[in-house]
Amino acid sequence: MTDTNLPLDGIRVVDLTVVWSGPGATALLGDLGAEVIRIEGNNRVSRQASARTTNASVANSGWSRNTYPDGKPEPRPYDRTALFNWHARNKLAACMNLETPEGHEAALRLIEISDVLVENNTNGVLEKLGLGHDRLLELNPRLIVARMPPMGMTGPMSNYLGYGPNFNSLVGIAAMDGYEGEPPDSAGENYHMDESAPAGLAFAVLTALWDREVTGRGGLVEFAQAENVMQDIGEFFLDYQMNDRKPAVLGNTDPALLQDAFRTAEDDRWVVVSIRDDRDWAALTGVVGDAGWTALGRTAADRRANSRALRDGIAAWCAPLSSDDVVRRLAAVRVPAAEVMSELRLLADPHLAAREWFKARSHPSVGTYRYPGHPWRADGFDLAFGRPLPGFGEDNEYVYKTLLGYGDEKYDDLVSRRLVTDEQFA
Amino acid sequence: MTSSPSRADTRRQVFNGLRVVDLSRWVAGEFATKMFADFGADVVKIEKPGAGSHSRRWALVPGERPDPEANPLFLHLNTNKRSIAVDLRSTEGLELVKRLIARADAVVESFRPGHLERLGLDPDELRATNPRLVVTRISPFGQTGPYRDREATGIVLQATGGPMNATGDAHRAPQRKPGLLEQYTIGRTAGEATLAGLYHARRTGRGSTIDVSGQEVLLSSADRRASYLLTAEYSGVNAPRGVRSAHRGAATFTGPFRAADGFVMIYITNQEFWNRLIRLIGAGDEVFLGKFLDRPHLGDDWDEFMDYLKAWFAARPKIQIMTDAEAARIPCTAFLEMDELYAHPHFRERGAFVTAEHPVAGRLDYLGAPWRMRDGFEIRHTAPRLGEHTAEVTAELEMSVVQP
C-alpha cells in the first residue's frame, strides 16, 4: 500500500494516545500518510466505550446514547462510538497488553522499527511500563518520542490531574469565557486546549522529522498542552504587562465590532451578525430600511456608545425572519452573517456538499456513514482517508506476523492465551 | 543568498535556511508563520506601506487606538519575523515580491479568494517559476464552493464551524469562545499544512497549493464539533445546548463553581472521582458520606447534593480548593487571571516565559516555547517595526541577482 504522493508515506507511528487530544493528533499524521498503529490492551477501556455497554444500559443515558449508531452500542460498543470514531480514520489497531511480558516485548520490537511514538498519558505511566523515552531513544536513536503531558514533564504542578477545561482555566481562558458582563461561569463548555493540541502536535512531529532529515537523529518532543494553548491568548499576556489590565468577559460581543447572536423566527435557530466598519453599517441599514435605531450607528463611536440599542434593533429585525432569509439578505451586501449551524444543518449544507467535505465510508462494525472530512486539502499531494476506523484488534496479524515477524506458533500461542484478541474485555 | 546581517544567529535552530513569505495580515496567517519564525525560519512579512498588518491596529478594548508599533497582538504574533513595506499594486513592489517568492520555500496568504490572482501572484504561476514552492491559502470558507466569497468574522467562523450551537445555556443565545481563539486554531492548522507541504517538497521536489477553509478546520476540530457531527450522522440527533458534557451520563458532572475568591473548574467523570470528591467535601459528616458514597446515579437528592457542594466551594479560596482536590486526586483547578498566570510558580520554574526587549514596547515577558525539542524555540528578536527590513531584504535580493 505504497502511495508516494502522501507526505508521510513510509513513516510508522506507534500510537499510545488515549481519550481526546492525543488521538486527534495522530489522526492528522495518518491523514498525511503515516502508518499509525494504535496499541490497545484488551483489559482496559481504550476507546471511551466499555465492552460491557449494552443497548439497555445506555437506554436512559440521555443524549450520550446517540454517540452509537441508532443509539445501539451492541455488538462491539468499542467499535461503534463516535467518541472514538471521529478521530479513528486510517489508523491500524493491534492488541497488546503492555503490562505483560509478552506485550512489553512486542511493543519494544515495534518501537524499534518505527519512526514516531505519540503518547498523552499521565506523567510517569510510560516509565512504569519500562517504556520511558530515554530507554526508547537508546533502543532506536532515530525515533521521535512525542509526549503530551498537560502541564509538562517538570515543575510543581506537572502531575496535576485534569481534562482540557481544567487546564484552560489555569492558563486564563476560562476567566474570560462567559456571557457579556456576567461572571465567567455562565458559558457552556470550552475544550479549546483539546482543539489546539492536535495540529500543534502534528506540527511538532513534522518539525522533528524535518530535523531528522538533517541530523539523522530522533529525540524527545515535550509537548506541554497548557503551554501550547497559552499561545492562543498571547496578546492578553502582553496587554496585562503593558496596560495593567485583564481581559473582560465579552460574551458574543467584540471590542472592535458591533456583533451578537440573534434569535430568528425558527425554533432555536440563531444567526450571528458582525458590523466591522461604516461600509458594513451602510449595507446593513440599506437592507433593514428605515427603523428608529438605524440613526444611532453612523460612526464607529456611535456604534460603540449605542451598542445595546443597536443590537436590540437588529434582534427585532431578525426575529420575524428565517435564518436563511437573514443570511441571504446580508450576504448579498457582503455583511458578515451566518446561521449558528446545528450538526444536522451542516450535514445538509450545500457549500460543504459542493466541496465534498463529508466522506462516506463503510466498516463492518458500524455500516456506512458520512464522516467529518480533512481540516484542509492540497493540490500537489494526497491526504489519506481509507478505512474509517480499525475494529479492535483488526490488524493483529499484520502487526505481529508481517511487521514483527512472529511465526505462526508464537502468534497462535498468544491468541490461545487470550493475550492477543480481536475483542475487548474491559 | 546569505542570512540577514541584523540577525544574531548564535545557535542552530531546526528551521534555519527555510524561507517563508508572509502575505497575511491577520491572526491566522501570522500565527501560522510565527510557528516557523520561532523555530529558526527566515519569515519576511509583506506589509502595506503606512498601514501595515491589521494586527498592528486591532484594539483589545473598545474605542482604543493602539500604537501600531507596540500593539500586544502584533508583538505576540510576529516575533522573529522581518518586515518589508511594499505596495503590491505598484510594478516595482510586485516585482520585488515575486523575486522574494522565487527563492522562498513557502508563501502564506489570507486574502479574499481570488485576490492573489488579481494582484498578479497566481499560485500556478508562482509554482511554475519555483516548482518546490508551497502556497498556503487561508480563507473563511475555502477557495471553492458557493459560499467562498462570503464575508466572515471570528463569530461567523465559530457559528459555521465551531460547536457554538451546543455552547451556552439552553434557553439563552449560543455562546462563542472568547478572544481570537478560532483564529489561532485555523492558523496552527495552516502551519501544520504548510509544513506537511514542505516535507513533501523536500522528499519529492514538488510543491503544492494548500486550501485552508477556516470553517472546515473548525468542523474537524477536537473541541467536540467533529464528534458531534459524527454523532448526528450516526443517530440523527443534534448535540443539545445547556447540558454540560453532553457526552456523559450517570452521577458525573463537570463545570465551574464559585469559590470564595473566584471560580474553580471540576471534572467528575467516573465513580472513582465521585467517591474521592464525596470523601473530601463530606469529611467528618457521616450522614452525608453514608448517603452519597458509591452512588452511580442521583435522583431527587441531586439538588441537595449540589447545594452542599456549592456551599463547600463558596466557603474556600480557589487555590486552596485546587490544592486539596489535587491531594485527593480529583480533577479540579482554579480559574487563574492574567496577573496570576504571569506570576505562576509552575510556569516560572519551567521557564515558560522569555524576557525580550522591543525598541518601542520595551522589556516584556513573552510566551516561550509552545513545545520543546533539541534546537527548537528561541526569541532571536522581537516583532519588527513596519518596514524595518525593507532596505536589508532589497539588498539581499540585489545580491542574489549578482550571485544566483
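**View 1. Pairing of β7 and β8 in chain A of the predicted model.** In this predicted model, A:D260 has A:V273 of β8(A) as its bridge partner. Six bridges join β7(A) to strand β8 (residues 270-275) of chain A, and the two strands run in the antiparallel sense.

**View 2. The open sheet β7-β8-β9 of chain A.** Three strands with antiparallel pairing form this open sheet, in the order β7-β8-β9. The edge positions are held by β7 (258-263) and β9 (337-339) of chain A; each has a single partner strand, so one side of each lacks a neighbour in the sheet. From one strand to the next, the twist averages 15°.

**View 3. Helix α13 of chain A against the sheet.** Helix α13 (residues 307-318) of chain A packs on the sheet and touches β7 and β8 of chain A. The direction of α13(A) makes about 35° with that of β7(A).

**View 4. The buried side of helix α10 in chain B.** Within helix α10 (residues 271-281) of chain B, the buried residues are B:F273, B:W274, B:L277, B:I278 and B:I281. These residues lie on the same side of α10(B), because the arc they cover around the axis is only 135°. An α-helix has 3.6 residues a turn, so residues three or four places apart point the same way. Among the elements covering the buried residues of α10(B) are β8 (262-268), α11 (286-292) and α12 (302-314) of chain B.

**View 5. Domains of chain A.** The domain assignment divides chain A into domain 1 (12-231 + 355-416) and domain 2 (270-339). Taken over C-alpha atoms, the centres of domain 1 and domain 2 of chain A are separated by 44 Å.

Methods
Residues numbered from 1 in each chain as written. Chains lettered and ligands numbered in written order. Predicted model: local features only at pLDDT ≥ 70, side-chain atom pairs only at ≥ 80, totals over all residues. Buried ≥ 20, exposed ≤ 12 C-beta atoms within 10 Å, placed from the backbone. Helix = DSSP H or I, 4+ residues; strand = E, 2+ residues; numbered from the N terminus. Arc of directions from axis to C-beta. Contact = placed C-beta atoms within 7 Å. Domains from an automatic or database assignment. Pairing = 2+ DSSP bridges. Axes fitted to C-alpha atoms, helices over the stretch in contact; angles between N-to-C directions.
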